[in-house]
Each structure stands twice: as structure tokens, then as C-alpha cells.
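Please keep the sequence and the model in view while reading.

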Amino acid sequence: MLDGYGRKIDYLRVSVTDRCNLRCRYCMPEEGIESIGHASILTFEQIVRLIRVAAKVGICKVRFTGGEPLVRKDITKLIAKVAEIPQINDIAITTNGVLFAEMGEELKKAGLTRVNFSLDSFVPEKFNYITRLGNFNDVIRSITTALKVGIGPVKINTVVMKGFNDDEILNFVKLANEMPLHVRFIEFMPIGDLPFYQKERLFTMVEIKKIIESRYELINGSTLQTNGPAKSYQLKNGIGTVGFISAMSSHFCSECNRIRMTVDGKLRGCLFAKEEISLKMAMENGASDEKLAGLFGKAIKGKPSRHYMNEGWGADNERKMYQIGG
Ligand code: SAM
């Protein structure tokens, strides 16, 4: 389905939980987290129904995220159920890699086609600092598992923060150069009002690229399916690719192909949108599939032309990343 600006929207990001087994400083506060109550989150059946309806209005790619999607009960069964929907040809997850090593094989069997791991540092102490609860070796085991069971392409999401991990950029690129891994550098985004957000931490795509090009040749036109705004490059003589998600420094909104569904069943046209449409409430009021399809259509047609993050620096965004689904 085309939105109001002629963009084809075929990608739905589904948050299956706002809970997480890590507490990344740029994403969640350490304490005082109010999780959405059980009664307010979408049930397994509701998620499957909504994805079925979304498929009827042109969604063919789904990504499960959160919070941490692998802590959602029955996530493997959910993936298997969604894999039965004929129009859905791509099922991905974004995960912190804490639990994936144990689950990789069953997730692959269930129908998972792609996985993105979040990893911001190769230095275990820095990894512990940024995630507060993480164990670096778990993530490495999970990445190895994904490669072994053949879920691919395997992507690594790295949020670059000035003074924290900008000195590790070339180490990440080395990994993509030597292994079938696809590293995507993400510009630090301000969402909510967590104390960790500081404009000074932003390290732009131009700055990241300059560092990479001091050592590597980037070749335009990677054939990697990027599913939207990431700009990907092949590395000359390298195995993997590097990509950039430059939400802050350059607008890629004209290429955006996605809408988002929160764990409490609200549709958002943009990560930073203020408007939401409650599908859960509609279902509880007895909405038919046709009515729900109409609400998907409304969200797609109402998708904003661009985000306004640079103007507001996220301070007025009521929900934080883990509450929307990153
Ligand atoms: N728990 C999963 C994970 O860690 O990948 C999925 C949810 S997490 C919110 C999804 C992605 O959002 C991660 O790659 C994370 O690095 C990114 N993210 C969270 N907060 C961010 C921020 N302030 N700026 C940029 N990326 C952010």
C-alpha cells in the first residue's frame, strides 16, 4: 500500500514486549521501570490476527522487536504461526543476543529468516558498562550460532557514541571484512528524557565514514537487502558489508517503508510520531478484520513525511525506545 507521499509500505515492526533482560543506558533506565500490565499487552492470538490483517494491506516483511523479543513467552511459536501467513516472506528479529544461542536452532526451524544483534563494544568492560547487565560472551556465542544454523544475513547493530565507542569503529569494520557479517552503524538518537542523552555524543555518518575510509574502500551498491533506510556498502575484497542508519544527520525518511506496532497494540507511522491508533481497543470493541484493515490503511496514509527529531531532540516523546519497539 502507498502512503500519502507515495512510499510503498510493506514492512511492519512488531514489539512483542517492553521487558528486557538488559538495561542499555541509552534505551532504558536502570530502575523504576513500569512495565505495561499483562491485560494491556497484545495476546499471542491478537498479534497473529493483526499480522494476518496487515498482510492483506500489503505487509510482507515483519520484524519482532521490543524490549527484548526473545523474553516474550512462546516467541518461537509466534514466529511459526506468522510463517504460515502466505503473504509474509520475511520474518526477522532484533535481539541483544543474550538468549539467542540457546534458541537459534528452533527459531530457524520456526521460520525466522534474518537476525540483527545489538553490540556496541568489543571490550567486555565497556559492554558491561553500556548494557549494565550483559555478558559479552553470550552475544558472541549467539552470533556464532546464527552463522552456524544459517539464519542470514546476520547483522550487527552498533550505536556509535562519541567518547564511548568511536575508537572501535575500525574493529567492527574488520569483523565485516573478514566474516559474513553486516555491521550497521546507527547514529545515537534522542528518545524520551533519559539522562544518558547528550547531543555531544552524536557521531554522524560522515564522521564514521571518514574513519572507515582511512583504512578501507567502500563500494556503493551492496546487494544486501536493507529493508529500508540503511545505506549499505560492500568492502573491497571483504566478505560482509557495512551500513549506516543516519537518522539524525541525513533524512532518509523518503525511503522509509515501515510502520510500527507497539506491545499494547498501537500503530505508529514513525518511531517519533505522536499519533497512535489503538488496534487493541478496536479489537476489544469487536472490530472486524475489515475494520482493522481500515485502521492499518489509516496509519499508512497518515504516516508523516519525515521525523522531527532534530527539532525536538526527543524530549517531548512520551515513550522511550523500549516502550515503542526499537
Ligand atoms: N532488545 C533488542 C536489542 O537490544 O536489539 C531489541 C530492542 S532495541 C530497543 C532495538 C535497537 O534499538 C537496538 O539495536 C538498540 O541499539 C537501538 N537503540 C535503542 N536506543 C537507541 C538510541 N537512543 N539511539 C539509537 N539506537 C538505539
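**The ligand site and the helix packing**

By class, the shell around the ligand holds eight nonpolar, nine polar and two charged residues. Here Ala, Val, Leu, Ile, Met, Phe, Trp, Tyr, Cys and Pro count as nonpolar, Asp, Glu, Lys and Arg as charged, and the others, Gly among them, as polar. The model is predicted: local features need pLDDT of at least 70, side-chain atom pairs count only at pLDDT 80 or more, and totals for chains, interfaces and linings use all residues. Residues are numbered from 1 along each chain as its sequence is written, and side-chain values use heavy atoms, with hydrogens and water left out.

The ligand is surrounded by 19 residues, the closest being Gly-67, Glu-68, Thr-94, Ser-118 and Met-189; a residue is near a molecule if one of its heavy atoms lies within 4 Å of it. Strand 3 (90-95), strand 5 (154-160) and strand 6 (181-187) each contribute at least two residues to this shell. Strands (E, at least two residues) and helices (H or I, at least four) are DSSP runs, numbered from the N terminus.

Three polar contacts can be followed here, a polar contact being a pair of N or O atoms within 3.5 Å. A nitrogen atom of the ligand lies 2.9 Å from a backbone N or O atom of Gly-67. A polar backbone atom of Thr-95 is 3.4 Å from a ligand oxygen, and an N or O atom in the side chain of Ser-118 is 2.5 Å from an oxygen atom of the ligand. The protein buries 95% of the 550 Å² that the ligand exposes when taken alone, with accessible areas from the Shrake-Rupley method and a 1.4 Å probe.

Next come the helices. Two packed helices are described by the angle between their axes and the distance between the axes. Axes are lines fitted to C-alpha atoms over the stretch in contact, and angles run from 0 to 180 degrees between N-to-C directions. Helix 1 (residues 44-56) and helix 2 pack at about 25°, with axes 10 Å apart. Helix 1 is therefore roughly parallel to helix 2, a term for angles under 35 degrees. The axes of helix 2 (residues 75-83) and helix 3 (residues 100-110) come within 8 Å and cross at roughly 20°, so these helices are also roughly parallel to each other. Helix 1 packs against helix 9 (residues 289-301) at about 65°, with axes 9 Å apart; the two are therefore roughly perpendicular, the class for 65 to 115 degrees.

Two backbone features remain. Most residues other than glycine have a negative phi, and most peptide bonds are trans. Asp-74, in the loop between strand 2 (61-65) and helix 2, has a positive phi of about 60°. The peptide bond from Gly-152 to Pro-153 is cis, with omega near 5°. Pro-153 lies in the loop between helix 5 (136-149) and strand 5.

Technical notes
A polar contact is a pair of N or O atoms within 3.5 Å; within protein, one must be able to donate a hydrogen and the other to accept it, and residues adjacent in sequence count only if both atoms are side-chain atoms. Angles under 35 degrees count as roughly parallel, over 145 as roughly antiparallel, 65 to 115 as roughly perpendicular and the rest as oblique.
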